[in-house]
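Please find below a colleague's note on the model under review.

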Amino acid sequence: MLYIFDLGNVIVDIDFKRVLGVWSRLSGIPLATLSERFRMGKPFEMHERGEISDEAFADLLCEEMEMPLSFAQFAEGWQAIFIDQRDDTLAVMQRLRQEGNQVVILSNTNALHCSYWPARFPDVGASADRIYLSQELGMRKPEVDIYLHVLRQEGAKPEDALFFDDHRDNVLSARSIGLPTVHVIDRRTVPDYFR
């Protein structure tokens with residue numbers, strides 16, 4: 001059996017409000033203003049597909065949000081998204097592997113985040129057989145090609161896999177190709193599913 005786990009808010013807790021809080025402190029722009037300006041638009045998607053560099057993404061987002069930050073300041077806020085790993089979920093992943101299953105991570109992410117989280121959360125990489133990252137694949141969820149790619153690479157049919165993700169759009173797109181899914185709504189979803 002192939003188990004596919006998203007990273008953010010499935011294995012590791014993340015919160016974009018923390019990013020905006022740091023940017024507010026560094027820029028002097030009120031948090032409410034930055035919250036109104038922040039959009040996960042085209043630059044965000046391009047960055048997650050690896051189509052633009054971290055620096056280009058920072059420039060575009062700072063311009064879009066009218067936020068005068070250096071790249072170092074931008075990066076400081078960008079990395080603040082990470083809170084803590086979900087040990088119960090990691091324990092499930094490790095157990096699944098010990099039982100002979102394939103366990104992989106499929107994440108919409110970017111090079112800047114990947115320069116940070118693997119060192120901060122080493123147990124995450126150690127709990128999976130492989131990690132598939134959007135910026136390396138040139139595609140991102142909810143595009144169905146990304147699920148098909150992972151299934152091909154792992155030699156699995158959709159019906160022989162199970163996908164865990166916290167975003168409804170990703171869950172629905174995976175289901176559209178016959179990939180069974182679990183919509184992760186909180187820290188207990190994964191451990192409770194396997195209890």
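The points below take up the basis of the note, the pocket, the cysteines and the salt bridges in turn.

1. Basis. This is a predicted model, in which local features need pLDDT of at least 70 and side-chain atom pairs count only at pLDDT 80 or more, whereas totals for chains, interfaces and linings use all residues. Residues are numbered from 1 along each chain as its sequence is written, and side-chain values use heavy atoms, with hydrogens and water left out.

2. Largest pocket. A pocket is here an open set of points on a 1 Å grid over the protein atoms alone, where a 1.4 Å probe fits, with protein on both sides within 12 Å along at least five of seven lines; lining residues have an atom within 4 Å of a point. The volume is the space filled by probe spheres set on the points, with grid points joined across faces, edges and corners. On these terms the largest pocket has a volume of about 570 Å³. Its lining comprises 27 residues, and those nearest the centre are Phe16, Phe44, Glu48, Asn108 and His167. Two or more lining residues come from each of β2 (12-14), α3 (42-48) and α12 (168-175); these elements are DSSP runs numbered from the N terminus, helices being H or I of at least four residues and strands E of at least two.

3. Composition of the lining. The lining of the largest pocket divides into nine nonpolar, nine polar and nine charged residues. The classes are Ala, Val, Leu, Ile, Met, Phe, Trp, Tyr, Cys and Pro as nonpolar, Asp, Glu, Lys and Arg as charged, and the others, Gly among them, as polar.

4. Cysteines. With a disulfide defined as a pair of cysteine sulfur atoms within 2.5 Å, the count is zero. The sulfur of Cys114 lies 20 Å from the closest cysteine sulfur, in Cys62, which is too far for a bond. Cys62 is buried at 9% relative accessibility, where buried means under 20% relative accessible area, exposed over 50% and partly exposed in between (1.4 Å probe, protein chains only).

5. A salt bridge requires a side-chain nitrogen of Lys or Arg within 4 Å of a carboxyl oxygen of Asp or Glu, and the model contains 16 salt bridges. Glu45 and Arg140 form one of them, at 3.8 Å from N to O. Glu45 is in helix α3 and Arg140 in the loop between α10 (134-137) and α11 (144-154), so this pair ties together parts 95 residues apart in sequence. Glu45 is partly exposed at 28% relative accessibility, while Arg140 is buried at 12%.

6. Arg49 pairs with Glu143 in a salt bridge, with the closest N and O atoms 2.7 Å apart. Because Arg49 lies in the loop between α3 and α4 (54-64) and Glu143 in the loop between α10 and α11, the pair joins parts 94 residues apart in sequence. Arg49 is buried at 17%, and Glu143 is partly exposed at 27%.

7. The network and Glu48. A network of salt bridges links Glu45, Glu48, Arg49, Glu51, Arg140 and Glu143. Glu48 is buried, at 7% relative accessibility. Leaving aside residues up to four places away in sequence, Glu48 touches Asn108, Thr109, Ser134, Gln135 and Arg140, contact meaning heavy atoms within 4.5 Å.
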